Amino acid sequence: MRNPLADVTIPILDDLIESDYVRSLIVGTVGVLGALLVFGALFPDSVAGDLSGIVFSSSTAASTSRLAAPIVLAGLGGIFAEKSGVINIGLEGLLIISAFASVYVASVVGIGNAVLGIPAIWVGFLAGVAASTALAGVFGVVCIEFKADQIIAGLAVWLIALGLAPFMSTVFFGGVNTPNLGARVSWRYSAVMVVVATFASWWALNRTAFGKHLRAAGENPKALDTVGVSVSKVRHAGVLLSGVLSGVGGSALALSIGQFVGSGETMVQGKGFIAIVAYLFGNYNPVGTLGAGVLFAGLDAVQIRLQQLGYAVPDTLVQTIPYVVVIVVLALVGRTRLPEAAGEHYETED
Amino acid sequence: MNPAVHMDGITKRFPGVVANDDVDLAVERGSVHALLGENGAGKTTLMNVLYGLYEPTEGTVFLDGEPQSFDSPRDAIDAGVGMIHQHFMLVDPMTVWENVVLGNEPKTWGGLRVDEDAAREAVVDLSERYGFDVDPDARIEDVSVGVQQRVEILKALYRGADVLILDEPTAVLTPQEVEDLYDVFEELTDQGKTIIFISHKLGEALSAADEITVLRDGVNVGTVATDGVTREELAEMMVGREVLMDPATTPQEPGDRVLEVTDVRAEDDRGVEAVSGVSFEVRAGEVFGIAGVDGNGQSQLVEAITGMREATDGSVTYLGEPMAGASRREHIDRGMAFIPEDRQERGLVMSYDLTENGILGSQHDPPFASGGRLDWRASREHAESVIEQYDVRPPNADAEAESLSGGNQQKFIVGREFERDPDLVVAMHPTRGVDIGSTEFLHDRLLELRAEGKAVLLVSSKLDEVQGLSDRLAVIHEGEFTGVVDPATVTEEEIGLLMAGETLDDDSVEGAAVHDAATDPAGDAETDDDAGGEEVDA
């Protein structure tokens, strides 16, 4: 049976969507939100009314945007790495390291000071990106040059960052949580960065020669090698881009609060792993990843507000809503196709 | 005028091996040159030198009289040499045009955008110029192997290739696609391109090439013009001794009935009927051949006989016992050996070494299994004996199956199955991809089995093979036997007719065993419709 959602034409975005799958995802999400809005307006005192009030409030928008930035940006990064053939499950670690580095450097420079005319908070931001990119670079060398297992190396990236960031925080600040900087990056910047990065990624993947090379490196590296393009270089570029984009996401997350929280799973709280789900969910399409990321972040924001409304439902149950939705949607909307050579090492023959 | 390609005194040594020993090769512009030789003769090494993948230990490559030194394929491409590998280097989910321009994309917007229109136009121009029928927007995974090969040729032409090297270009093609490829060769050479192709098939070299160079053990044995040479002479050059092109069968009275197939019907994986009521028997000391164009139900018939597929109707009786419902293991245990058509899919576990592969199917039985454990010493001895008897190279029981060439993989499978001491051998394309020296050897072994009183069911799309080895020959078309003939008296034209779905009313048909198509109006009509394009004039 053909999925009826796949036949709906979406204005403006239509050209960017190459699969029925992403199309149905977007139509479905917009449809649910629309129904919620209508029911909420008609029955303001019902559960639908409450929900609609939460979903369409500006504070939910702000917190969605804040929570979505690391998911979507790391997800976009993950697309670049995986399309090139390197599965980067270390996105979580890249988010953690950039979150810490951004706050640390901003505090070292000192809020109110500037370096080369750049205010401290933005210096911190760039430092976060640099830290994440450097860690991704190491991951790339280990996987591509030394042919380590990508899954193990990716886990190592996560575990290193998970241990290192709170440790450094304890060394420099005397506790796993850093003190608040007293300054923050507005959620509006995060929102703009997310949207710009999404469309820039889409362009890079689908319209540039680099995007074609990336795809060839992940599908049939030998085909790329025999036409004289270095598979290693393309894969390194893919992995480094995952570092840059995750760095932007991690820095934006920490600096939107002005603090790094290092207790437990740190403030990143599995967003790097949700990012992997988001891009798989979005079928490696940046626009789909944006949709999936916003959906997860939005559900997260809504569940936080729902806990405050005091329904007779345990909070722990409410907290599972985003994850339940992930499973339901994945079961309903089908599957994604991994690049043919993802996870495989490539060796040139001469 | 200088030849388009001149390789002068090329020697290529690898540690412990001399792959090419002082080889000279000259190819004229606008000609088709075949590089003929057995597996491991050094053909591919020589071409890899020309394509810049290997640097020659000694010797020089000249293009149009200019000496060249290639560090990488990139240099060779820039000098106008293109190579089409046996396994295509295409990205399946990408379109034809994306594959053609990959790595050399035309760009606009200061490099930020691939100029799709220019790329598509370039592909359309090239394919029109050389008479290719290729849709630039089709995805590679959706087009046939023949079209994929043209995309590979387009890739080389797009990069300005004047000299095209093709490695075993017909290995993956259907007979019709092979004909089309020869037409493409003609079109290309008419426009001044030079073609060198690697092959180990005599017929192919003779029909497609202008000149043939034969390599044996890394040495150029000679270059001959196609018009002045016979198959036998070429075979002798390749193998280094006289080759009997037609295996000698001695008449022999068949013995007891070993396999009896009655009105078997079977479906393919999609649930479409592929075998529509086939009956025959194979007796001890007899080779029963089945000829036909690939895909006419041979695979499903063989699977139904060997217990890999449930027949939807009819019965298979083996050594007097019905085999319905018997497991694959029971088939093996009762002495039915099987050489499958896809050796990599079903014949071997590619990541196992030969010791492990050698006991596949016998792993439950002594001497390999003893008290719940495998006896690796016995297994290794078994593998080594197969390797030695069947001349598998490299002779190393620890080598993984995937490291062997196709021909050697095949020899190992055939050896393993023959050494089971079977009562019946079901052999599908037993010599596909095997060089002629080894083919001759495998044919001899098959005939030895026959002389020992074993029954052999031989399915092959090589007409000379089934015709030369069989005592009786059935021709299959769309899941039905169109005739069972005496291979000694039947002509190739007659077999061609049968393969195209016609029937013969000639005496050479053994009336009793023939599926009577004339009394089956439905079947007859269907046959006529579908055979339209393939009819052969008698």
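Why are B:Glu152 and B:Lys155 separated by about one helical turn? I looked this up before anything else. The two are three residues apart in helix H5 (residues 145–158) of chain B, which means that about one helical turn separates them. Helices here are DSSP runs of H or I with at least four residues, strands are runs of E with at least two, and both are numbered from the N terminus. B:Glu152 and B:Lys155 form a salt bridge, with the closest N and O atoms 3.9 Å apart. The term asks for a side-chain nitrogen of Lys or Arg within 4 Å of a carboxyl oxygen of Asp or Glu.

Notes on the model. It is predicted, so local features need pLDDT of at least 70 and side-chain atom pairs count only at pLDDT 80 or more, while totals for chains, interfaces and linings use all residues. Residues are numbered from 1 along each chain as its sequence is written, chains are lettered from A and ligands numbered from 1 in the order written, and side-chain values use heavy atoms, without hydrogens and water.

Entry on the interface. I looked up where chain B meets chain A: 26 residues of chain B and 19 residues of chain A take part in the contact (heavy atoms within 4.5 Å). The chains bury about 1900 Å² between them, with 61% of it on carbon and sulfur atoms. Buried area is the accessible area (1.4 Å probe) lost when two parts are put together, summed over both. On chain B's side, B:Met89, B:Pro93 and B:Leu102 supply 24% of the area buried against chain A, more than any other three residues.

Two salt bridges cross this interface. I noted A:Arg207 with B:Glu116, whose closest N and O atoms are 3.2 Å apart. Helix H2 (73–78), helix H3 (96–101) and strand S8 (113–114) of chain B are the elements giving two or more residues to the side that touches chain A.

Entry on two helices of chain A. Helix H5 (residues 120–145) and helix H10 (residues 231–255) of chain A pack at about 145°, with axes 7 Å apart. Axes are lines fitted to C-alpha atoms over the stretch in contact, and angles run from 0 to 180 degrees between N-to-C directions.

Entry on the backbone of chain B. A cis peptide bond joins B:Arg393 and B:Pro394, with omega about -5°. I placed B:Pro394 in the loop between helix H13 (376–389) and helix H14 (406–418) of chain B. B:Leu319 is not a glycine, yet has a positive phi of about 50°. B:Leu319 lies in the loop between strand S16 (313–318) and strand S17 (321–322) of chain B.
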